[in-house]
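Please keep the sequence and the coordinates at hand while reading.

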Amino acid sequence: MRIAIVKPDWQIRGGFELVVDRLVGHMRRAGHRVDIIGFDAWRVDHRPFGVRIDDEMWSRSPWFFGYLGQWEKCRALRLDRADLVVSTQPPSFGVEHPRHLSLFFHHLRPFYDLSPYVVRAGMVEPEMHELAAAAIRRLDDAAMSGVGHVLAGGESVAERLVSFNGRRSEVSLFHAGPLSGVSIAEATRGDPTHVLCVSRHDFPKRTELFVHADRLMPELNSVAVGVGGRLGRVRQLDRVLDGDVPEVIADEQLWLNDPPWVDPSSIGDRRGPTSNLSFETHVGGDRLGELYAHAHCLVAPALLEDYGLTVLEAMKVGIPVVVCRDGGHLLHFVEHERNGLIVEPTGKAIAEAARRIANDPGLREELGDAARETATAYTWERALHEFDLGIEAVMS
Amino acid sequence: MDVNPTVQLIEDLVDRALGRADRPTTVSPAVTTADLERHLAAIEMNARVDEMPQPVGRYSTLKRLILKLSSFVLVRQRTVNLASAGVASGLIRSMDEIKAEMAHESKRQAGALAGIEPRLRSAATQHRDMHEETVERVRGLEMQLAAHEALVAEMRARINDVEATLVLESSRRHAMERSLVSRLAAASRPNAGDPRIATESAGDLEAFGLHEMYERFESWFRPSDATLRQRFEEYVPLLAEATGQGAPVLDLGAGRGELLLRLRVAGVDCYGVDSNQSMVDRALASGLDVRREDLLEHLRSLRAESIGAICAIHVAEHLPPELLLDMLTEALRVLIPGGALVLETPNPTNLVIGAASFHNDPTHVHPITPDYLSFVCKDRGFAEVETRFLHPFPEYELELGSTGSVALDALLRDLQWALKGPQDFAVVARRPGGR
């Protein structure tokens, strides 16, 4: 078959791009001709569908108007020659084709599950946001009605499709397997030396809570791996958050906000006076394996995670995980006291959980073994089988 | 904010995105001189309409007569045709003249440009010299700028630190204020013994900033998500009956919306009400329709016979007796005939629940026995009242065997119920009629 994959180009190489790479390889090995039809998601004209939007209006909801621009680009794509179209991130499911499979990992989240949070964080103008959200949901509903079959990237995403779009039929699940390929040889596994957090520094990953937790466990070292738009801000927090942390610090104020961008390079190598936290940005597989091998546990403080690939990767190599009770899809595979700990979304609760694991090697081993067992269910063999079933559903 | 123009703009954009707006009309391609001349030749060829060849053959006499009779009209038509052709011919000649003038003007301008070119070359040379001089100066300025930028970067870093410190100080002050307000309120509250205090608990929680604390408390003691999903699944078939009646299911005290989500997955039209803002935010984040309102006020605002089914899971134990009765009265009024009411609450006949864990929650008013709840439902006018015991501990399933004594066996069974029996019970009742 000639298969067209439609994908907005955000000029990043994140987990989703790696998932798409795997699927493209799989389809090519099966003898299909696969073309990735991309469009620049950042460069959109301020004239969606011929209507000139002045700068003032655009600034009232750049996400909304940008989405319309991307929508227009999608609709302009010529896909007649493809036997099957696979759409990916929003709004690529807006393309029109009689055999259309949507690999659906998330909505434009500020207008869906994250909507109340972006309002409370002051990221949007509430009245305009409400209008824009209603408009985007109408557009997406119309687009969704033209999709032959939806592969939902996890149970949480499938539930959102039901609750937001009323999409129940022709939906099946797609569970991506671990991507990093990191493994830990038993010979390299040594005494734990640090608490680990592997996450982008973006809203709503809440890595600010990890900084707060670090201040409350002065006897432990911490390592944060990742990049993102809030890296400078999080590093700045690390500098100024000293040991004198009130017990009832308003954790939400640390992350539920819309701070100005801070250039990470302006922080330099400076750390806070009581910080035991070191930041690493781009790490290779070997370094990540080394960090896993000596980690007490992996902390994933994210709010409403869509899937949780990083957490699964840590569990695959036998690392117990600490996640928050509002962690979204993470709660579909992390079970409290069995393969990890589920805690309140506060620095204090995270610190207590990490300290508990660090002080009890037996618990670490027990949770780690169960985590490894849980992760065995998430393989690429299963993922590719689920993907093939999605293709079959569309073609039949 | 001036909403109307914004709404109109958004509506217009959505319509265009969905392909519902009018398409712009296409512009005709330009007409060339050759086209005009071709049309003019056709007009001239057929202009003399009165000079048609004389008819011959069958009916030729009749045809000649018709021609003769119409000749006075055709003569005038010939005049019009020839005049039109003349005008068109004149226009074409004018166009040709204009073109010729334009060509002439182009040539004249090309000549003028040729004269300008040497002057431009000279200006370019001067410009290059000036450019080189400017580059030198810019280099010098860049070195000065680099020094200033280093200074600005250092200043910016310090400002960032100060700003972040201010945020932290603000959060610390906020935390201290909340703590102080709570203590003052607790110390000065005059109505600690008021039996209606629970009706004010939602307001109190909000005033003292304790909604989030209650959500954390509730999370701490609640069963796992998987267990809740399984428990709520049991109610779905009963509540789904309402869908066929075209009336929604109302979840009173909807919390995070776990039951509503199960109902939505099953295709049931439903919504919820809760007084806790944090819980409502969580439910909204899941795309559910949950409104922040007082439960009783909401029921009072509804039309009679407008709700298909009502559920209130672990709500009744939070209400003082008179409010529970008011809620039942209102529920009976708003339910459609045959509509179901489900009330789930902790089972105090399990002594571990009644004597201990019930009191973990400080907002519980008092335990409600299955007999009482069943009675008040009947007393308020509900029919088909049924009590279902739910969620026993795993040990309740253990086979006890026999001690050999009938009395001891009975005591053991009672103990098994009292210590490991159902943790909750539900009363399911219906509004009379309709089934």
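What covers the buried residues of α6(B)? The model is a predicted one, and in chain B the cover includes the helices α7 (236-240) and α8 (258-265) together with the strands β4 (307-313), β6 (383-392) and β7 (422-430). Helix α6 itself spans residues 225-233 of chain B, and its buried residues are B:Leu228, B:Arg231 and B:Phe232. Viewed down the axis of α6(B), these buried residues lie within an arc of 95°, and therefore they line one face of the helix.

Among contacts in chain B with a separation of 6 or more, 74% join residues 24 or more positions apart. The accessible surface of the chain amounts to about 26400 Å², and carbon and sulfur atoms contribute 59% of that area.

Attention now turns to the nonpolar cores. The largest of them has 52 residues, and the members that touch the most others are A:Leu23, A:Phe174, A:Leu196, A:Tyr292, A:Leu298, A:Val311 and A:Trp380. Both domain 1 (2-177 + 380-395) and domain 2 (182-375) of chain A supply at least three residues to this core. A:Leu23 illustrates the packing: leaving aside residues up to four places away in sequence, A:Leu23 touches A:Leu103, A:Phe174, A:Trp380, A:Leu384 and A:Phe387.

Terms used: Residues numbered from 1 in each chain as written. Chains lettered and ligands numbered in written order. Predicted model: local features only at pLDDT ≥ 70, side-chain atom pairs only at ≥ 80, totals over all residues. Heavy atoms only, no water. Core = buried A, V, L, I, M, F, W, Y, C linked by side-chain atoms within 4.5 Å. Buried < 20%, exposed > 50% of the residue type's maximum accessible area, 1.4 Å probe, protein only. Domains from an automatic or database assignment. Contact = heavy atoms within 4.5 Å. Areas by Shrake-Rupley, 256 points an atom, 1.4 Å probe, with all protein chains shown as cover. Helix = DSSP H or I, 4+ residues; strand = E, 2+ residues; numbered from the N terminus. Arc of directions from axis to C-beta.
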